[in-house]
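Please look over the sequence and the model before reading on.

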Amino acid sequence: MGALPKRKISKQRKRNRRSHHAIDVPTLVKCPDCNSMKLPHQVCQECGTYKGIQVLQVE
Ligand SMILES: [Zn+2]
């Protein structure tokens, strides 16, 4: 026989479980080189630098 749950999950229990599912606002830090907002620990998309060194060639 299939492994089936014995009880239906109640609306309350389902909603309570999903109360953790929302993603929050992404954290942004200011690029030290161009002062634009960027994701932390990532290359800045505006000026292409990371930790003060040029990583990407930006047009
Ligand atoms: Zn930048």
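The model is predicted: local features require pLDDT of at least 70, side-chain atom pairs count only at pLDDT 80 or more, and totals for chains, interfaces and linings use all residues. Residues are numbered from 1 along each chain as its sequence is written, and side-chain values rest on heavy atoms, with hydrogens and water left out.

**Overall form**

- The C-alpha trace of the protein chain spans about 60 × 25 × 20 Å along its principal axes.
- Of the 59 residues, 12% count as buried, where buried means under 20% relative accessible area, exposed over 50%, and partly exposed in between (1.4 Å probe, protein chains only).
- Among contacts in the protein chain with a separation of 6 or more, 0% join residues 24 or more positions apart; contact means heavy atoms within 4.5 Å.
- The accessible surface of the protein chain is about 6000 Å², and 53% of it belongs to carbon and sulfur atoms; areas come from the Shrake-Rupley method with a 1.4 Å probe, and for residues only the protein chains shown count as cover.

**The zinc site**

- Cys 31, Cys 34, Cys 44 and Cys 47 coordinate the zinc ion through their SG atoms at 2.2 to 2.3 Å; donors are N, O and S atoms within 2.8 Å of the metal (3.2 Å for Na, K and Ca), and water is not among the atoms, so sites may look incomplete.
- The arrangement is tetrahedral because the four donor atoms subtend angles of 107 to 114° around the zinc ion; four donors count as tetrahedral if all angles lie between 85 and 135 degrees.
- Along the chain, the donors of the zinc ion follow the spacing C-x2-C-x9-C-x2-C.
- Cys 34, in the loop between strand E1 (29–30) and strand E2 (37–38), and Cys 47, in the loop between E2 and strand E3 (49–50), are 13 residues apart and link distant parts of the chain.
- Cys 34 is partly exposed at 31% relative accessible area, while Cys 47 is buried at 16%.

**Thr 49**

- Thr 49 belongs to strand E3 and is buried, with a relative accessible area of 6%.
- Its side chain makes a polar contact of 3.1 Å with the side chain of Asp 33; such a contact is a pair of N or O atoms within 3.5 Å, and within protein one must be able to donate a hydrogen and the other to accept it, while residues adjacent in sequence count only if both atoms are side-chain atoms.

**Leu 28 and Leu 39**

- Leu 28 lies in the loop between helix H1 (11–18) and E1 and is partly exposed at 44% relative accessibility.
- Leu 39 is placed in the loop between E2 and E3 and is partly exposed, with a relative accessible area of 40%.
- Leu 28 touches Leu 39, one of its contacts beyond four places in sequence.
- The C-alpha atoms of Leu 28 and Lys 38 are separated by 5.3 Å, and those of Leu 39 and Pro 26 by 7.8 Å.

Notes: Tetrahedral: all angles 85-135°; square planar, octahedral: opposite > 155°, others 65-115°. Helix = DSSP H or I, 4+ residues; strand = E, 2+ residues; numbered from the N terminus.
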